[in-house]
Amino acid sequence: MKITGASLLSLLVVLALAYGAFAASWEYIYDGTKLPDDPALGDKAWKVFITKGAKTSEVCEITPEGELHITDPSDRVCFFYREHKDLSHTTLEARVKVLSQSGAPYTICLEIEDGADTTYLCLFPDHITLVGGPSYEVDLTKYHTLRMVRKGKDVIVYVDGKKAIEGKVGGDTSSRHAITFGAGSTGGTGEHYWDYVAYTTKGAFSPDELPSPTAPAGVERRTLPITWGEIKRM
Ligand SMILES: [Ca+2]
């Protein structure tokens, strides 16, 4: 087949449109209406790391508003993870609030675990810290949207759509390669709510490139004072 300039241009336009339509999308959204390890989620269920013999329901509940509510005592650990082979370009976002925290920084965590290139956010009622890196003051006793974007070795953290922290991976290491969140310390304690957790391992996207998963067209969802669960029940 002879490829003319015009047909080549057409092909490029089609490819560009297809790439634009599929390049930036959420690969997975956990919406807080079932416990993360609920078998009813099927292949969308998370693996749970929990104190031996304990049940997820002893630490976690689903609220009527459709949030995961974790009440973490000093003798339990309970976090959730989904394993992925390639996390080099990942966008991870959660809408979360933290009422209390004591103990190790990773007691309340949102993580991209990737061996030596692990990075995560440590959450506190009044600030967040990128492990091994800077902190950012934010009143997390009210809901905020936290986005961690990993692009190779670089990490950018956005709070409510605004760039808040720039850092590097490798602030900690892990044996896992996974998206992880929850109560990460046995001895640490905390109370926290998760409205949603969303991620894609297919790219490093700013909020402009990939809007929050719950943002209806024309509405800045992340600034609304109610939960996604409430919206879903309207
Ligand atoms: Ca604990």
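Biologist: What is the mean pLDDT of the chain?

Modeller: The mean is 90, and 82% of the residues reach 70 or more, on a scale where pLDDT is the predictor's confidence in each residue, from 0 to 100. Over residues 217-223, however, the pLDDT is below 50. That stretch has 11 contacts in the model beyond near neighbours in sequence, a contact being two residues whose C-beta atoms, placed from the backbone, lie within 7 Å. Where pLDDT is low, the predicted coordinates should not be read in detail.

Biologist: What makes β11 and β12 a pair?

Modeller: Two strands pair if DSSP finds at least two bridges between them. Strand β11 (residues 144-151) and strand β12 (residues 154-159) have 6 bridges in the antiparallel sense, so they meet that definition. R150 stands opposite V155 in β12. The two strands form a hairpin with 2 residues between them, and G152 in the turn has a positive phi of about 65 degrees.

Biologist: Which residue in β13 is the bridge partner of V155?

Modeller: That is G167. β12 pairs with strand β13 (residues 162-168) over 6 bridges, in the antiparallel sense. Their hairpin also has 2 residues between the strands, and D160 takes a positive phi near 50 degrees there.

Biologist: What is the order of the strands in the open sheet?

Modeller: The 7 strands follow the order β2-β5-β14-β7-β8-β9-β10, with antiparallel pairing.

Biologist: Why do β2 and β10 stand at the edges?

Modeller: β2 (47-50) and β10 (135-137) each have a single partner strand, so one side of each is left without a neighbour in the sheet. The twist averages 15 degrees from one strand to the next, with axes as lines fitted to C-alpha atoms (for helices over the stretch in contact) and angles running from 0 to 180 degrees between N-to-C directions. For β10, 3 bridges join it to strand β9 (residues 127-130), and T129 has S135 as its bridge partner.

Biologist: Why is E113 called buried?

Modeller: A residue is buried if 20 or more other C-beta atoms lie within 10 Å of its own, exposed if 12 or fewer, and partly exposed in between, with C-beta atoms placed from the backbone. E113 has 22 such atoms, so it is buried. E113 sits in strand β7 (residues 108-114) and touches T118, S174, R176, H177, A178 and T180, not counting residues up to four places away in sequence.

Biologist: And why is F124 called partly exposed?

Modeller: F124 has 19 other C-beta atoms within 10 Å, so it is partly exposed. F124 is found in the loop between β8 (119-123) and β9. Leaving out residues up to four places away in sequence, F124 touches V98, Q101 and L140. The C-alpha atoms of F124 and G190 are separated by 8.9 Å, though these residues are 66 apart along the chain.

Biologist: Which residues have the most contacts inside the largest nonpolar core?

Modeller: They are C109, L110, L121, L123 and M148, in a core of 49 residues. It counts as a core because its members are buried Ala, Val, Leu, Ile, Met, Phe, Trp, Tyr and Cys residues joined through C-beta atoms within 7 Å. Leaving aside neighbours within four places in sequence, L110 is in contact with residues including L92, A94, M148 and F181. Strand β15 (residues 189-200) gives the most to this core, with 5 residues.

Biologist: How do you know that β15 is mostly covered?

Modeller: 9 of its 12 residues are buried.

Biologist: Which strand do 11 bridges join to β15?

Modeller: Strand β6 (residues 89-102), running antiparallel to β15, with L92 bridged to Y199. Strand β4 (residues 68-72) also pairs with β15, over 5 antiparallel bridges, and I70 stands opposite H192. Strand β1 (residues 28-30) is joined to β15 by 3 bridges, where Y28 has Y199 as its partner.

Note on methods: Residues numbered from 1 in each chain as written. Predicted model: local features only at pLDDT ≥ 70, side-chain atom pairs only at ≥ 80, totals over all residues. Helix = DSSP H or I, 4+ residues; strand = E, 2+ residues; numbered from the N terminus.
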